Amino acid sequence: ERNWQPPQPALVGLLFLQSPVTLGSWVLAIVWEHGRTEVWHFVVAEGWQLLQTLELCQGARARIISLCSQGASLVWCEERPPLDAHSDMSKCAFRFCVCTRALEVGEQGVRLGTLRIVLHNSPEYQLLASPQHVLYSHLCCVQQWGSATSKFLLIWHPETAKLTITAPSAGFISSKVLRSESDFRKLLLGSVGLLSGLAPLDIHISAVSNSGGLLLVSTKGAVNMVEPDGTQRHIFDLEGGPLAQGSPVQLKTFGSTLACMLAGVLYLVDQNSGRLIEKKILNMKEVHFLESPGEEDSIHLLTQTGIYSFSFSKPEDSSRPEPYLVEMVFEEACRYYQRRSLSSSKLTVEKLKKGGVFQAPVALTAILQHSLCQKQKPAQGLQDTYAKLLSTMSLELQSYMSLELLKTCVVCAPESEVESYCEQLVEQEVSRVLHSDMDKDNLAYLNSIFASFPKAAWKATRSCLQLQQNGDGLLVARATPEVWKKVIGGLQQEEVGQNGIVPLFELICASFLRFKPKWLPSFVELTQQYVSISWAYSSKEGPEGRVPLYKRALGVLARKNQRSESDDEMELELLLCSKRPKAVLQALHLLIRLKWWQRVVEVAEKFSKLSPLLNKEIFTTLLAEFAQHRELDSYVDTLWPLCPTELTASDILTVVLQHLPRSQEDPVPFSSAGNQLTVGLLKPLLQRVVQRPCIQDDHPEDALQSPTFPPPTPPREH
């Protein structure tokens, strides 16, 4: 344009305006630093035509720092120098304001709306507008640069007049609705204490994603996304370490794919998972991304030699395996071999592909290529070794395909059918994990499944362990030994850590406790039976060599938020189902504390038969209780036959005298309280002991023999 003769003010921005009247044609606004704006219209037959020249700013001394277009409006940050040249420097730092003005192009020409100040007395800001076609169409990200308060970002929502304060180092801070023109310093008055402790902004470059979020690249090469609601998440780390000052980095989103250009290297990253899809080294360093509306599977690049299109979608007729699946195979192989490697060097996917040492991922990739990507073609050209492996893996591949089909059904199903599909999906995932290595990653995955889908996980557990009641009402399980070992012989709590992840046995116990609590003691008993068959009782490899299973189940019970009477009953059942002497005595003391005397006698009668030593402990405990109160008087006909053969009358009297209740008054022959122990109450027991026939014991060690189960408590480790 001939009118643009030097010297000209600095150009601030070129903005393509959107107007319903001019759909299909281009309207361009050219804005200079002092506020002069020219609106140009492109006509195919005649080219560019000047529609109108406007003045955005109202003051002659105003200077536009940055601007963006927001629908039919322009938003800009404007500097308003103070009238007094000797003003305080602290006031000069807040001499900027954020303004907005409608700019509509119609048949009658260009109409400029009234000026509205959004924020005044503010530091300098760089403005970035989000796209128009997303949910947050009326959102403008305001990014602060190089001021004393450069610790946070502002996000302005014009439609709701809401201003959100967020910081990359702390996430969402506060949000406030702007009723009218707002003062920056008053806006931050309630958050000064919090903001003062934040780390300064570390931003190398920024861009807006097509979802309306703000992409930030730190000087260390970390790519983060600040969402419109103020929350933040990490996406990816660029290779090469810290970025040099001034080094160009370009960001552009295409659908769910983020494209990053740094030093001639193009990175394609999945925005949702942060996984590197592809990495390309280009032979030119100065490259610009072009807009490609409607083409989310390709990237258009503008270079000095021309315009190029880079497609990252898989063609229909390609014989290559699915890139995502193959990449997953090699990534999993990397983790697998790294865990088993004695070398300190890090194993990467590139090394794995080029090394040729590890054939397993190569073989699996070849099989996937023939069986999944060429579903309609026979597996021709496959090596004989791979063909044999393919026949062996056919069931696994069918299971994988059915799982993928089920995932598709979950996504596409109506709301009424989603729950049933989710249950099937959870069952397949739980079964798959139980038949693979139970490492920390798989255990964390199972924890997330049990937390997200508790009912479906419970049904999946019943199915995998084949739990059901037989005709006698007893719980039976028909799980394979491999599954049992995963359930009770996996990682323990001390190996898992304190990050909220619990071992599989505890997960299943919590599920029992929530959905079928009366089955929990039977389940613990089943696991103990399996342990007694599979491991030597004192073996450190077995679960009982560490923390007994009943104690682990009791730990799950103790973590319940609210304690009830049914929990006392559950604790008793868990203690008794273990049949361990210490657990039985602990249950007996719990029953005595609860004053459930009928159950006390029943437990004593049942478990005294397990071993002479336990019989003596139980009888001594009950004799001590008998000496203190009269609650057990009605059960003496059941208790006295439990007296061990080695106890003498002298032993009985010693126990009784040690546990007689101490009275504050002088003892009298006949107490008015009626709860005093008399010789008459002890007479049947003493007569029974005295009249017992004396048996010569030639083999005293036989008295210490106990049944094969339960074995004695494992020795303590010093």
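**Close-up 1. Lys459 and its partner Glu423.** At 38% relative accessibility, Lys459 is partly exposed (20% to 50% relative accessible area; buried is under 20%, exposed over 50%, with a 1.4 Å probe and protein chains only). Its side chain meets that of Glu423 in a salt bridge, 3.2 Å from N to O (a Lys or Arg side-chain nitrogen within 4 Å of an Asp or Glu carboxyl oxygen). Glu423 sits in helix H9 and Lys459 in helix H11, so the pair ties together parts 36 residues apart in sequence. Helices are DSSP runs of H or I with at least four residues, strands are E runs of at least two, and both are numbered from the N terminus. This is a predicted model: local features need pLDDT of at least 70, side-chain atom pairs count only at pLDDT 80 or more, and totals for chains, interfaces and linings use all residues. Residues are numbered from 1 along each chain as its sequence is written, and side-chain values use heavy atoms, leaving out hydrogens and water.

**Close-up 2. Arg552 meets Glu506.** Here's another salt bridge, at 2.9 Å from N to O. Arg552 in helix H16 and Glu506 in helix H14 are 46 residues apart, and both are buried.

**Close-up 3. A pair within helix H4.** Glu332 and Arg335 are three residues apart in H4, about one turn of the helix. Their closest N and O atoms are 2.6 Å apart in a salt bridge.

**Close-up 4. The sheet S24-S25-S26.** Three strands make an open, antiparallel sheet in this order; strands pair if DSSP finds at least two bridges between them. Three bridges join S24 to S25, and His288 has Leu302 as its bridge partner.
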